[in-house]
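Here is a short note to read alongside the structure. Take it one point at a time, and keep the view open as you go.

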Amino acid sequence: MEASTKCICFLAFLVILGINELSLQVHGAGECGKGTSPDREAFKLAPCASAAQDENAAVSSRCCAQVKKIGQNPSCLCAVMLSNTARSSGVNPEVAVTIPKRCNIEDRPIGYKCGAYTLP
């Protein structure tokens, strides 16, 4: 029950933050391409919430599918994991960077420097 309450709170936080971002930000071509931002892309990783906070948590197939999609652009994936949205929702960057490996994504960006972290 506690996990579902955390998930609901996390999703509510993301929705509120997303509404705020949509009204305040003009989107240019950044790490994640034209018309989006790392904070906006972070919403797509909501299924990864528990896996990004606890290295022993199971990583869902939905999470892995989103990480694989966003990970086609390593700089975007890195920016998403270090975004304000991720930080505000309790994501531990040191744990988050392990998700591509935990998903067994074969073409993951191994060794990619993501701020102070390196993707395993």
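This is a predicted model: local features need pLDDT of at least 70, side-chain atom pairs count only at pLDDT 80 or more; totals for chains, interfaces and linings use all residues.

**Notes on the model**

1. Let's start at Ser61, which sits in helix 3, a helix covering residues 61-70. Ser61 counts as exposed, because its relative accessibility is 61% and the cut-off for exposed is over 50%.

2. The mean pLDDT of the protein is 82, with 76% of the residues at 70 or more. Two stretches call for caution. Over residues 11-17 the pLDDT stays under 50, and the model gives them 10 contacts beyond four places in sequence. Residues 19-28 also have pLDDT below 50, with 15 contacts in the model beyond near neighbours in sequence.

3. Now for the overall layout. The protein contains 7 helices and 2 strands, and along the sequence they follow the pattern α-α-α-α-α-α-α-β-β. Among contacts with a separation of 6 or more, 57% join residues 24 or more positions apart.

4. Next, is Glu41 buried or exposed? Glu41 belongs to helix 2, residues 38-42. Its relative accessibility is 9%, so Glu41 counts as buried, the cut-off being under 20%. Setting aside neighbours within four places in sequence, Glu41 touches Cys32, Thr36, Ile70, Cys76 and Val80.

5. Of the protein's 120 residues, 39% count as buried. The accessible surface is about 7,000 Å², and carbon and sulfur atoms hold 56% of it.

How values were computed: Residues are numbered from 1 along each chain as its sequence is written. Side-chain values use heavy atoms; hydrogens and water are left out. Helices (H or I, at least four residues) and strands (E, at least two) are DSSP runs, numbered from the N terminus. Buried means under 20% relative accessible area, exposed over 50%, partly exposed in between (1.4 Å probe, protein chains only). Contact means heavy atoms within 4.5 Å. pLDDT is the predictor's confidence in each residue, from 0 to 100. Accessible areas come from the Shrake-Rupley method with a 1.4 Å probe; for residues, only the protein chains shown count as cover.
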